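The sequence and the model come first.

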Amino acid sequence: MDNTTLKKHLHQIADMLLLNGTLTECPGLVHGKMGIVVFFFHYARYTGNPLFMDYAMDVIGVMMNQIHANSRADYEKGIAGIGVGIDYLIRNDFLDTEDDIFEDFDARMFRAVMYDPWQDFTLYDGLTGFGRYWISRLQQQPSSVQAQKCLRYIMERIEEKHPDIPQDEQADIYCFLHDLREIPGFDISTRLPEQYRKPPMDINRHFPRLGDSVVGNTVRMYQRERYFNEYLQDETDSALKQIPVLDMGKAPPSAAGLLTGYAGEGLLRLSALDLTNVSWMSLL
């Protein structure tokens with residue numbers, strides 16, 4: 001697909017999200033408003049038009065008005081993913097740090113880890129998604145007692161449940177432990193992550209949460225290279241050069257988000273045009 005077509009698609013995507021961004025019901029990162037915000041900050045930087053940044057801030061405002069003390073905590077649609085998304089924006093110089101935002105998020109996520117029932121160890125719905133939030137907080141505030149306590153609690157649950165953890169949860173565990181081990185000063189045995197680092201599998205079986213979509217399949221290659229040292233850069237580059245024609249008929253509720261919606265489609269095209277890096281793929 002030539003660059004002119006990709007840029008035309010970007011314009012269509014931006015128009016679609018401008019019409020529907022604040023109306024998207026889900027506030028979360030993977031399928032909702034937080035993913036739209038990530039797209040518009042990148043798109044504003046590409047176009048040099050501050051109006052897109054203003055719109056992203058409007059979406060953040062609407063999103064924050066949806067959140068309350070008992071909002072869902074999961075990574076896919078809840079506070080964990082929203083918090084990681086905001087941390088991503090801060091690290092990429094789109095936003096300034098606002099500790100008061102994280103103060104409320106921390107309270108909800110501490111309760112989610114230490115007191116709420118949890119489903120499994122997956123990123124999108126389970127404990128490693130909570131852990132991903134606390135890793136981002138520990139990187140911001142190395143002395144955070146709450147982050148240290150929650151991360152150690154999650155590690156203890158992983159060790160307690162080993163070796164009964166299903167195979168389809170083990171890649172998410174490995175990625176969580178891999179990221180945790182890279183934090184300076186956080187003590188984690190090198191043995192623990194390697195217990196979940198399985199030999200190379202068929203690419204479509206790793207990270208089942210990513211499903212079978214253009215964005216999901218490209219992100220899957222990125223994640224395998226990032227975490228499992230499989231050289232897939234040529235395949236990733238090939239995927240970015242063979243993006244199919246934009247489907248303008250996506251239906252709610254996931255038509256706007258990062259994984260299966262227009263926000264992800266837009267970021268994929270920005271990456272294909274080499275107008276932004278692929279760091280946004282780490283969010284999925």
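Two residues are in contact when they have heavy atoms within 4.5 Å of each other. The model is predicted, so local features need pLDDT of at least 70 and side-chain atom pairs count only at pLDDT 80 or more, while totals for chains, interfaces and linings use all residues. Residues are numbered from 1 along each chain as its sequence is written, and side-chain values use heavy atoms, with hydrogens and water left out.

**Overall make-up**

The chain has 12 helices and zero strands. Helices (H or I, at least four residues) and strands (E, at least two) are DSSP runs, numbered from the N terminus. Of the 284 residues in the chain, 55% are buried; buried means under 20% relative accessible area, exposed means over 50%, and partly exposed lies in between, with a 1.4 Å probe and protein chains only. Among contacts with a separation of 6 or more, 64% join residues 24 or more positions apart.

**Helices α1 and α2**

Two packed helices are described by the angle between their axes and the distance between the axes. Here the axes are lines fitted to C-alpha atoms over the stretch in contact, and angles run from 0 to 180 degrees between N-to-C directions. Helix α1 (residues 3–20) packs on α2 at about 130 degrees, and the axes are 11 Å apart. That angle makes α1 oblique to α2, given that under 35 degrees counts as roughly parallel, over 145 as roughly antiparallel, 65 to 115 as roughly perpendicular and the rest as oblique. On the α1 side, the contact is made by Lys7, Leu10, His11, Ile13, Ala14, Leu17 and Leu18. Ile36, Phe39, Phe40, Tyr43 and Tyr46 make it from α2.

**Aromatic pairs**

Rings of Phe, Tyr and Trp (its six-membered ring) pair if their centres lie within 6.5 Å; planes under 30 degrees apart count as stacked, over 60 as edge-to-face and the rest as tilted. By this rule there are 14 aromatic pairs. Two of them are listed here.

| Pair | Centre to centre | Angle between planes | Class |
|---|---|---|---|
| Tyr43 and Tyr46 | 5.7 Å | 55 degrees | tilted |
| Phe102 and Phe105 | 6.2 Å | 90 degrees | edge-to-face |

Tyr43 and Tyr46 sit three residues apart in helix α2 (residues 33–47), about one turn of the helix. Tyr43 has 6% relative accessibility and so is buried, whereas Tyr46, at 28%, is partly exposed.

Which residues does Tyr46 contact, leaving aside its neighbours within four places in sequence? They are Lys7, Leu10, Leu270 and Leu275. Tyr46 and Leu270 are 224 residues apart in sequence, yet their C-alpha atoms are 8.3 Å apart.

Asp106 is found in helix α5 and is buried, with a relative accessible area of 8%. Beyond neighbours within four places in sequence, Asp106 is in contact with Tyr133, Trp134, Arg137 and Gln146.

**Charges over rings**

A charge sits over a ring if NZ of Lys or CZ of Arg is within 6 Å of the ring centre and within 35 degrees of the ring normal. Arg157 lies over the face of Tyr153, 4.5 Å from the ring centre. The charged end of Arg209 is placed over the ring of Tyr124, at 5.4 Å from its centre.
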